[in-house]
Amino acid sequence: MTFHSILFERIEDGIKKETLEAPIYFADLNLDQIIDAITAGKQEYNLKPFFYTPLKDADSVKYRHEIMQDLENEAIFENVNSFARKMRAMREHVMQAERLYYKHEKESWFLSAVEIYCDAVTGLAHDLTTADLKSHGFLAFREYVTNYAKSNYFVYLLTETEKVKADLSAVKYCVLINDDSFTVSKYKSEIDYSADVEAAFAKFKQGAVKDYGIIFKDSLDMNHIEAKIVEFVARLYPAPFLNLDNYCRMNADYLDETIAAFDREVQFYMAYLDFIALFKHAGLKFCYPNVSDQCKEGYDREGFDLALAYSLISEGSSVVCNDFYLKDKERIFVVSGPNQGGKTTFARTFGQLHYLAAMGCPVPGSDARLFLFDRIFTHFEREEDITNLRGKLQDDLIRIHDILNRATPNSIIIMNEIFTSTTLKDQIFLSKKIIEKIIQSESLCVWVTFIDDLASFGEQTVSMVSMVVPHNPTLRTYKIERRPADGLAYAMSIAEKYRLTYDCLKERIGL
Amino acid sequence: MKAFLMHRDQDFDLRQQLPPHEQALTQDLELNTLFNAMALGDKFLLETAKHAVLSGLNNDLNTILYRQSILKDCLKNHDIVRHMYGIAVESIEKGKKSVWWFSGRYPGGILRGSIEALQVFVSGLKKLRAIADEHSDKFESEGFTTLFRTLKKELSDEYFTVIQNHLINLEFNEGVLISAELGKGNKGINYALRKSPREKKGWFERIFTKKPSAYTFRLHPRDTRGATALSELKNRGINLVANALAQSTDHILGFFGMLRTELSFYIGCMNLHRQLVQKGEPTCFPLPATSGERRHSYQKLYDVGLSLTMKQRIVGNDGNANGKSIIVITGANQGGKTTFLRSIGSAQLMMQCGMFVPAESFSASICSGLFTHYKREEDTTMKSGKLDEELGRMSNIVDGITLNSMVLLNESFAATNEREGSEIARQIICALLEKGIKIFFVTHQ
């Protein structure tokens with residue numbers, strides 16, 4: 001197998017044109033926050049375009065799953081990380097070389113950059129040789145990098161770099177400094193005067209005393225005096241400096257494109273693994289979902305909203321996990337229950353899980369089967385628009401109309417509390433019409449609403465209800481459970497609190 | 001180079017821990033009178049006197065004899081020893097005036113300060129050498145003989161020439177020569193100061209050198225950034241040597257400091273000796289015996305503290321308690337029992353730190369610890385009762401006690417009725433004796 005990219009198995013799957021624009025549903029699902037957090041600190045790799053492009057077939061997802069699983073091996077992760085650190089250092093050196101002004105200084109920084117690059121490639125090739133790799137992607141890459149490290153050009157680059165460097169390191173010179181002038185000459189084994197002085201006073205040594213050595217701050221750049229000195233040194237020792245100059249001109253294009261692309265693309269996995277380590281540390285689970293573009297009987301156990309969990313963990317709070325499943329002809333979750341009970345979170349979780357699955361990433365949960373969608377449509381109520389009632393309703397209808405027109409049986413639709421600005425009667429009427437349409441479209445759907453009637457619309461709908469603590473209905477559990485939306489859960493819990501349930505009353509009224 | 005006047009092979013450590021009960025010892029044996037007589041108002045002398053006397057219990061037999069012979073030399077040549085002490089004090093004080101280098105931020109400043117201090121020290125060392133040359137034959141003790149031999153050997157004329165040359169070279173009148181290698185970015189690294197060869201090139205080499213072997217750059221007078229950069233480079237070059245020199249300065253300061261400290265003990269002894277001789281009181285060098293022996297014999301032993309506070313001479317005591325582990329002193333009140341106990345204690349301390357003792361003759365086995373348990377005046381602030389307090393102190397003593405310690409009990413356990421007190425005392429004393437402790441017990445009962 002020939003290696004193309006660590007993100008895509010086949011060339012034709014690759015991203016044609018990288019987009020910097022997030023899909024429009026990103027904000028509704030809080031995916032923007034998640035991707036921001038994942039890519040934070042990795043801006044130099046420009047990873048967002050990768051996260052903006054969901055995969056379309058199960059094989060591509062499998063390709064990434066395998067690679068991600070290889071990288072979950074700590075040794076391999078560290079190997080790649082060490083490679084990445086060196087590549088980063090290399091880029092910094094190149095940047096420094098570009099920034100600098102004096103020729104001898106510039107060229108030396110370039111030499112260091114290439115030296116680091118050689119070390120990065122050699123190290124990675126060596127590490128991967130003994131690594132326990134299983135993924136097709138990594139196996140192909142190993143072959144590539146091993147061959148590259150053995151290639152004529154790379155071997156030439158390596159020896160040439162070492163030679164030029166060794167020649168320069170062998171240069172030793174003297175500077176005689178007077179008040180307003182200095183003289184540079186070759187070093188002629190003049191004796192070390194510090195040692196001489198130290199020896200003269202050695203007989204007085206009485207155990208440890210204070211260190212009077214001054215630590216000098218080393219600036220990266222040369223000042224014009226240092227530059228002048230090096231210029232003189234280059235005149236005294238022309239050969240090594242000439243070699244350096246030739247070397248720089250010959251090897252401007254030292255960087256291998258495939259290696260550079262790997263360095264960037266593998267960060268997609270590294271960034272994601274770093275990110276989810278945070279949650280795993282807090283006891284939350286991730287799994288590799290069974291991804292299919294056929295089967296719509298999806299499920300997820302112990303899932304959670306990554307964006308919410310991220311902020312909860314950082315403030316030290318615990319995270320509530322929820323399960324869901326669809327069986328037979330079920331396609332639509334109708335989520336109802338008290339406010340602030342986690343309904344919107346459930347809807348977002350559903351969207352996030354499917355999106356992350358289509359990234360080829362492990363998803364929140366202990367076990368999952370998720371559908372590979374073609375599109376996601378979201379329609380979330382936005383508070384700030386309530387002031388413009390008429391316009392809003394109209395706007396809502398147009399947008400929903402548009403969604404329904406474009407939705408295919410492979411789409412996911414997420415509706416959150418729509419039409420709240422109109423009367424209950426109208427709401428029910430409109431909602432029923434729309435749910436009929438969605439059922440016809442065969443799309444997967446989560447619909448958050450407080451209209452109980454929708455919950456038992458047909459065999460395609462599943463009723464989910466946000467739960468409260470039985471003895472204290474003002475406390476939310478943030479659990480969303482499958483149960484009929486009888487509007488009773490809330491009332492029953494209040495009753496239980498006042499011991500007015502059937503059982504309680506039977507007991508209390510002791511006749 | 002070491003002074004080694006207090007120990008044959010180690011420095012005298014002014015920071016060493018004194019025994020935890022030093023306050024009780026000082027109070028019960030009225031040692032402050034002794035210390036003040038040694039110091040004569042000099043704070044430094046007071047400090048070393050106190051330290052030397054109270055830490056004397058750690059000394060072995062050899063150290064005691066080593067110091068005795070040094071002290072004998074001192075008493076014989078007191079002017080020379082005081083002169084040496086004066087040189088040490090002067091060098092330290094003058095040298096420390098150059099301490100502005102301590103806060104120096106630049107190797108150049110550190111270097112200049114060190115050179116200045118070293119000039120002072122070299123002149124002090126030369127004076128010491130001169131004393132060694134002139135007077136060493138008047139000294140017999142191992143300590144002084146070794147010190148003078150060291151001074152002569154280490155501080156030869158050639159050595160002083162070498163040092164002088166260094167101090168001149170380090171002024172860098174001909175510029176600072178540094179070597180360097182190429183590091184990252186071709187910037188200089190591994191800066192090292194080099195000694196420029198004195199001799200100029202021969203005519204042959206001068207004629208046949210084709211390429212110039214050196215390039216010189218002269219700064220523009222207004223190039224202040226260049227001047228700063230050049231001076232930093234110079235500082236990098238002399239960083240190591242400035243450190244080496246400043247550390248050497250510290251070391252030599254350390255030598256003078258040690259010489260001063262160790263001599264100051266003998267100066268204190270000489271001060272005390274002079275006062276006792278003026279009063280006509282006898283002194284003698286004691287004969288120490290090993291700690292395992294039970295020896296205690298003396299003639300005309302008197303309490304040095306009491307004598308120093310009285311105008312007239314005081315009465316000494318004779319005694320022989322060789323082979324005894326407990327000595328009980330009884331008799332009427334105001335009969336000098338406490339004074340006698342004090343004279344036993346302070347003589348023991350003076351002997352063990354290497355001093356003479358206030359007696360015509362004195363011989364005792366050395367003890368590994370000396371403890372006093374005196375009746376204390378009733379303290380109203382104290383919550384615990386008197387017997388409580390006494391027994392508490394006794395318990396502390398037992399915590400620190402070691403084999404062959406000596407305990408001085410003065411009217412102990414008298415805070416309760418006689419029968420109980422006796423019983424307590426009996427039990428404690430029996431136990432201590434069985435554990436190999438020597439006891440002096442003053443009681444009126």
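1. In this predicted model, strand β10 (residues 406-410) of chain B runs parallel to β11(B), and five bridges join the two strands. Within this pairing, B:Met406 is the residue that stands opposite B:Lys438 of β11(B).

2. Strand β11(B) is also joined to strand β7 (residues 326-329) of chain B, here by four bridges and again in a parallel arrangement. On this side, B:Ile326 stands opposite B:Ile439 in β11(B).

3. Turning to the domains, the assignment for chain B gives domain 1 as 59-171 + 250-279 and domain 2 as 287-442. In the contact, domain 1 of chain B takes part with twelve residues and domain 2 of chain B with 13 residues.

4. Which elements give two or more residues to the side of domain 1 of chain B that touches domain 2 of chain B? They are α4 (61-76) and α10 (224-279) of chain B. The largest share of that side comes from α4(B), with six residues.

5. As to composition, the side of domain 1 of chain B that touches domain 2 of chain B consists of five nonpolar, five polar and two charged residues.

Technical notes: Residues are numbered from 1 along each chain as its sequence is written. Chains are lettered from A and ligands numbered from 1 in the order in which they are written. This is a predicted model: local features need pLDDT of at least 70, side-chain atom pairs count only at pLDDT 80 or more; totals for chains, interfaces and linings use all residues. Domain bounds come from an automatic or database domain assignment. Two residues are in contact if their C-beta atoms, placed from the backbone, lie within 7 Å. Ala, Val, Leu, Ile, Met, Phe, Trp, Tyr, Cys and Pro count as nonpolar, Asp, Glu, Lys and Arg as charged, and the others, Gly among them, as polar. Two strands pair if DSSP finds at least two bridges between them.
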